[in-house]
Structure formats: structure tokens, C-alpha cells
Amino acid sequence: MLLAARAALTAFAVAACAWFALGAHQAREVSAAANLISSPPLSHSQVQQAASRLRSAATLNPDRTVDLLRAQLYADQRRYADARTVLEGVVHSEPENLQAWIDLTRYSYGAPATFARGVETIKRLLRSFPASH
């Protein structure tokens, strides 16, 4: 019984260490991609590097920051429909994600209904924030 408990505890410790290591890796990848994306215009090589880092950061990562950065990367390449597709997924799963709605509205070139829906949602979300005194 004691041996089984030790084995289970060891397995749990190894899994926890792996999870933390993955989280640290994802944080580095997100940071590196954000640094690249924050200084457009990007060369083709920089776009490929940022996209690769975002793919790496997305592994088992529930944080939507990766999707927001991916949408920004698409928009920087004037791939607004792709950016909107990514952001539609974010606002579908997180309907109160203000940054996602702002970005969706910003990248709504050629999609006036998306722009109007975004503006209305942003106004509603801003009204729901408590007034600071």
C-alpha cells in the first residue's frame, strides 16, 4: 500500500512539473510573439516566426491571448476575414471579452454588420463596468 501511494505521489509530482514547464514555455512563446507583432510591419520571416511561436504557445493553453495575438497578426497582414474568424471564436466562447470585441470591431473592414454588432456590444460591456469614484 505504501509503495502504491509513493508511486502515485511521484506520478503526480512529475505531471505537475511537466504542467508548470509547459506553462513557462507557453509564456515565453506568447511574450516573444507579442514582441514581434507589436512592431509592424513584419517581414515574411518575422510573420512565420510569430505564427510558429503562437502555434507552440497554443498547446493545451486555455488562455485566449494566443487567439487575440493571432488575429492581430492576421490583421497586420490585411487578412481581416481571417482575423474576424479567430475573434468570432473568442467572443462566442467569451462573450464578455472586451478586448476581443474591440479587436473584432477594429478588424471589421468589409463587414458592416460585424462592426455594428461590435460597437453595440462594446457599449453594453462598458455600461456594465462599475463607475469609479
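**Contacts, helices and salt bridges**

Guide: Start with T114. Leaving out neighbours within four places in sequence, T114 is in contact with R84, E88, L104 and S108. Contact means heavy atoms within 4.5 Å. This is a predicted model: local features need pLDDT of at least 70, side-chain atom pairs count only at pLDDT 80 or more, and totals for chains, interfaces and linings use all residues. Residues are numbered from 1 along each chain as its sequence is written, and side-chain values use heavy atoms, with hydrogens and water left out.

Visitor: Where is T114 placed?

Guide: T114 is in helix α6. Helices are DSSP runs of H or I, at least four residues, numbered from the N terminus.

Visitor: Is T114 buried or exposed?

Guide: T114 is buried, because its relative accessible area is 13%. Buried means under 20% relative accessible area, exposed over 50%, and partly exposed in between, with a 1.4 Å probe and protein chains only.

Visitor: OK, on to α4. Which of its residues are buried?

Guide: The buried residues of α4 are A83, R84, V86, L87, V90 and V91. Seen down the axis of α4, they fall within an arc of 165°, so they line one face of the helix. The arc is that of the directions from the helix axis to the C-beta atoms.

Visitor: Why would residues a few places apart point the same way?

Guide: An α-helix has 3.6 residues a turn, so residues three or four places apart point the same way.

Visitor: What do the buried residues of α4 pack against?

Guide: They pack against α3, α5 (98–106) and α6 (112–128).

Visitor: And which exposed residues sit on the face turned away?

Guide: That face of α4 carries the exposed residues T85 and H92.

Visitor: How far apart are the ends of α4?

Guide: The end C-alpha atoms of α4 are 20 Å apart. Helix α4 has 14 residues, 80–93, and should span 20 Å at 1.5 Å a residue, so the two values agree. The expected span is 1.5 Å times one less than the number of residues.

Visitor: New topic. How many salt bridges does the structure hold?

Guide: The structure holds 7 salt bridges. A salt bridge is a side-chain nitrogen of Lys or Arg within 4 Å of a carboxyl oxygen of Asp or Glu. One of them pairs E29 with R53, with the closest N and O atoms 2.9 Å apart. E29 lies in helix α1 (residues 2–37) and R53 in helix α2, so the pair ties together parts that are 24 residues apart in sequence.

Visitor: Are E29 and R53 buried or partly exposed?

Guide: E29 counts as buried, at 12% relative accessibility. R53 is partly exposed, with a relative accessible area of 25%.

Visitor: What does D67 form a salt bridge with?

Guide: D67 forms a salt bridge with R64, and the closest N and O atoms are 2.7 Å apart. D67 is buried at 17% relative accessibility, and R64 is buried at 18%.

Visitor: Where does R64 lie?

Guide: R64 lies in the loop between α2 (44–58) and α3 (65–76). Not counting residues up to four places away in sequence, R64 touches G89, V90, S93, E94 and N97.

Visitor: What about R79? Which residue does it form a salt bridge with?

Guide: R79 forms a salt bridge with D82, the closest N and O atoms being 2.8 Å apart. Salt bridges that share partners also join R64, D67 and R70 into one network.

Technical notes:
Helices (H or I, at least four residues) and strands (E, at least two) are DSSP runs, numbered from the N terminus.
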